[in-house]
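The points are grouped by topic.

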Protein chains: 2
Amino acid sequence: MADEPTAAVLAANGAFYEAFELRDLRAMSQVWERSERVVCGHPGWPLLRGWREVARSFEQIFGTGEPLQFVLTDTAVEVVGDAAWVTLNENLLGGGVQGTVAATNVFVHENTGWRMVVHHGSPVGRSPDDDA
Amino acid sequence: MADEPTAAVLAANGAFYEAFELRDLRAMSQVWERSERVVCGHPGWPLLRGWREVARSFEQIFGTGEPLQFVLTDTAVEVVGDAAWVTLNENLLGGGVQGTVAATNVFVHENTGWRMVVHHGSPVGRSPDDDA
């Protein structure tokens with residue numbers, strides 16, 4: 001598991017949460033592939049498509065409420081060629097927000113390293129019978 | 001977009017929803033890579049890891065309530081080598097359930113075709129301010 005691509009993907013994944021905690025839109029823009037195909041689903045939000053929309057959402061989130069802290073648990077990473085995905089739990093602290101968000105983050109390897117192309121988070125903890 | 005891998009991934013994605021609608025666990029088991037690395041996040045559920053856990057969840061879902069119908073919208077597919085991901089909205093009908101689920105489905109190409117390795121669905125429609 002601890003091979004080179006895996007470590008590089010985990011570093012890119014860590015940079016995402018660091019940028020989120022620091023509310024640093026510039027750092028966040030270096031984490032993502034700044035392209036039309038990127039997709040972001042914040043918990044409870046509809047899917048946002050394209051870097052322009054995604055950047056706007058982070059601008060909005062960073063500008064409201066208090067900063068969040070993420071304690072990441074149950075992290076798993078898979079690499080298949082130039083694609084990779086990380087699945088984990090984001091345990092949220094701070095900003096009056098508490099709870100766990102399950103996340104899937106997809107990355108693609110490019111010349112300059114691994115770039116995020118999908119971030120999808122969903123709140124955990126409601127009854128399995130609430131939805132199918 | 002309508003090249004061969006893209007079409008094959010969309011077919012695998014369609015087979016997932018067909019198996020779901022038919023509540024056909026056998027068909028569902030042919031959609032998925034039956035491995036330890038598969039991950040499934042039903043809306044509101046914690047992430048389930050490994051085919052055994054994932055299969056059990058579908059058994060549970062198929063055995064309760066009424067069958068669901070999925071109207072899929074805003075579908076986008078990306079293929080990078082032997083990996084692919086589909087993002088879309090599942091508009092749910094039937095079974096007393098109504099609403100939209102945003103989904104990310106990851107597939108890997110194997111000898112016998114494209115197999116699902118991640119399904120992650122999250123309910124859409126709550127206020128963006130409910131979560132970060």
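In this predicted model, chain B holds an open sheet of six strands in the order 2-1-6-5-4-3, with mixed pairing. Strand 2 (48–49) and strand 3 of chain B stand at the edges. Each of these two has a single partner strand, so one side of each is left without a neighbour in the sheet.

**Sheet and helix in chain B**

- Strand 3 of chain B pairs with strand 4 of chain B in the antiparallel sense, over 10 bridges.
- Within this pairing, B:Ala76 has B:Thr87 in strand 4 of chain B as its bridge partner.
- Helix 1 of chain B, residues 4–22, packs on the sheet and touches strand 3, strand 4, strand 5 and strand 6 of chain B.
- The direction of helix 1 of chain B makes about 150° with that of strand 3 of chain B.

**Hairpin in chain A**

- In chain A, strand 3 (residues 69–80) and strand 4 (residues 83–93) pair in the antiparallel sense over 10 bridges.
- A:Val77 stands opposite A:Val86, a residue of strand 4 of chain A.
- Strand 3 and strand 4 of chain A form a hairpin, with two residues between them.
- In the turn of this hairpin, A:Gly81 has a positive phi of about 65°.

**Extent of the interface**

- The contact between the chains takes 38 residues from chain A and 38 residues from chain B.
- The size of an interface is often given as the accessible area lost when the parts come together.
- Between chain B and chain A, the buried area is about 3,600 Å². Carbon and sulfur atoms give 61% of this area.

- Four salt bridges are counted between chain B and chain A.
- A salt bridge joins A:Glu78 and B:Arg37, whose closest N and O atoms are 3.3 Å apart.
- Across the interface of chain B and chain A, 12 residue pairs are in polar contact, with both residues at pLDDT 80 or more.
- On the side of chain B that touches chain A, at least two residues each come from strand 3 (69–80), strand 4 (83–93), strand 5 (99–110) and strand 6 (113–124) of chain B.
- Strand 6 of chain B supplies the largest share of that side, seven residues.
- By residue class, the side of chain B that touches chain A divides into 23 nonpolar, eight polar and seven charged residues.

Terms used:
Residues numbered from 1 in each chain as written. Chains lettered and ligands numbered in written order. Predicted model: local features only at pLDDT ≥ 70, side-chain atom pairs only at ≥ 80, totals over all residues. Heavy atoms only, no water. Contact = heavy atoms within 4.5 Å. Buried area = accessible area lost by both parts, 1.4 Å probe. Salt bridge = Lys/Arg side-chain N within 4 Å of Asp/Glu carboxyl O. Polar contact = N/O pair within 3.5 Å; in protein donor to acceptor, adjacent residues only side chain to side chain. Helix = DSSP H or I, 4+ residues; strand = E, 2+ residues; numbered from the N terminus. Nonpolar A, V, L, I, M, F, W, Y, C, P; charged D, E, K, R; others polar. Pairing = 2+ DSSP bridges. Axes fitted to C-alpha atoms, helices over the stretch in contact; angles between N-to-C directions.
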